[in-house]
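Dear colleague,

Please find below the structure for your review.

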Amino acid sequence: MTHRLRPVGIDFTETAPVRLVFAREMAAAPEAVFRALAEDVPGWQQWFSAVASARPTEGGREIGLRGGIRFEESVLLAKAPEVYAYRVDATNVPGARAWVEEWRLAPAGAGTRVRMTFALDGTTPFRLMWPPARPGVGHAFRRAVTALDRRLA
């Protein structure tokens with residue numbers, strides 16, 4: 001069952017009760033990475049293996065993950081080539097109450113340093129599931145960034 005989440009702003013990435021932050025360097029330039037994140041929404045399923053479907057909507061996107069998780073998202077900030085952030089407005093993830101994901105891009109030599117922040121709030125069981133999930137989420141992030149880098153090469 002899909003339920004609506006609390007509408008939060010970009011500042012939630014700093015104040016969320018649960019924050020998972022991951023970083024990795026890529027060979028691709030920040031401009032190319034930003035375009036892949038913000039402008040090629042359907043392309044996400046080509047490089048992020050957890051994504052089964054991705055389509056742009058007016059002001060956001062709809063994402064389906066393998067296993068049946070669904071997200072309706074609104075873009076909060078798209079500042080090329082530095083940051084792309086979106087808020088989950090509705091999902092079928094039980095216990096979620098607020099959710100923002102932010103991708104920060106910075107030049108790193110000829111490439112890009114990518115930092116992704118998951119900012120989350122929810123019921124106590126929802127909040128408690130994230131620390132043990134951190135290694136798996138980090139692994140998925142690293143695999144996705146590596147695959148995106150290969151795709152952009």
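In what follows, buried means under 20% relative accessible area, exposed means over 50%, and partly exposed lies in between (1.4 Å probe, protein chains only). The model is predicted, so that local features need pLDDT of at least 70 and side-chain atom pairs count only at pLDDT 80 or more, while totals for chains, interfaces and linings use all residues. Residues are numbered from 1 along each chain as its sequence is written, and side-chain values use heavy atoms, with hydrogens and water left out.

The structure contains 10 salt bridges, a salt bridge being a side-chain nitrogen of Lys or Arg within 4 Å of a carboxyl oxygen of Asp or Glu.

One of them joins the side chains of Arg4 and Glu72, at 3.5 Å from N to O. Because Arg4 lies in strand β1 (residues 3-4) and Glu72 in strand β5 (residues 70-79), this pair ties together parts that are 68 residues apart in sequence. Strands here are DSSP runs (E, at least two residues), numbered from the N terminus. Arg4 is exposed, at 60% relative accessibility, whereas Glu72 is partly exposed, at 33%.

A further salt bridge links Glu102 with Arg104 (3.2 Å, N to O). Glu102 is buried, at 2% relative accessibility, and Arg104 is partly exposed, with a relative accessible area of 34%.

Finally, Arg6, Asp121 and Arg127 form a network of salt bridges. Within this group, the side chains of Arg127 and Asp121 meet at 3.8 Å, N to O. Arg127 is partly exposed, at 28% relative accessibility, and Asp121 is buried, at 13%.

Yours sincerely

Terms used: Helices (H or I, at least four residues) and strands (E, at least two) are DSSP runs, numbered from the N terminus.
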